[in-house]
Amino acid sequence: MNTTQRGRWGETLAVIYLEKKNTQVVARNWRWKRYEIDLVGRKNQTWVFVEVKVRRWGYLESAIAAVNDQKQRRIIRAAHTFLRHHEIDAVHIRFDILCIEYARNARRIEHIEDAFVCLP
């Protein structure tokens, strides 16, 4: 499985996981110019912006560490751009990281809600 296939597979698992947790996924791989959001969801009145990381078993730490300060700022800017473009006046916004670890016959999902915050 190449990187693109692994990413799509991981995002599909993430969508299934989020929908089981009552989060409606409204966009996948949303892009505009240099901005990108893996998944955009909505749970009640909260808009959820999700960064999905897929790693081989044993590399969960590196998946979480990959969402560093610079990546967080890009996700925050992308989220604000998404909301502006869709004319959404969001009252509650949440940024999550969803890490998927996989091995030959196993997988594990680590969902970190409110992984980082956007300060005014």
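Two residues are said to be in contact when they have heavy atoms within 4.5 Å of each other. The structure is a predicted model, in which local features need pLDDT of at least 70 and side-chain atom pairs count only at pLDDT 80 or more, while totals for chains, interfaces and linings use all residues. Residues are numbered from 1 along each chain as its sequence is written, and side-chain values use heavy atoms, with hydrogens and water left out.

Leaving aside its neighbours within four places in sequence, Phe116 is in contact with Val67, Gln72, Ile75, Ile76, Phe95 and Ile97.

Five strands form an open sheet in the order β1-β2-β3-β4-β5, with mixed pairing; strands pair if DSSP finds at least two bridges between them. At the edges lie β1 (24-32) and β5 (107-116), each pairing on one side only. From one strand to the next, the twist averages 30 degrees. Helix α1 (residues 3-20) packs on the sheet and touches β1, β2, β3, β4 (92-102) and β5, its direction making about 125 degrees with that of β4. Helix α3 (residues 69-85) likewise packs on the sheet, and its direction makes about 65 degrees with that of β2. For these angles, axes are lines fitted to C-alpha atoms, for helices over the stretch in contact, and values run from 0 to 180 degrees between N-to-C directions.

Helix α1 returns in another setting: it gives six residues, the largest share, to the lining of the largest pocket. A pocket is an open set of points on a 1 Å grid over the protein atoms alone, where a 1.4 Å probe fits, with protein on both sides within 12 Å along at least five of seven lines; lining residues have an atom within 4 Å of a point. The volume of the largest pocket is about 320 Å³, counted as the space filled by probe spheres set on the points, which are joined across faces, edges and corners. Among its 16 lining residues, Thr3, Gly7, Glu11, Asp38 and Val52 are the closest to its centre.

Conventions. Helices (H or I, at least four residues) and strands (E, at least two) are DSSP runs, numbered from the N terminus.
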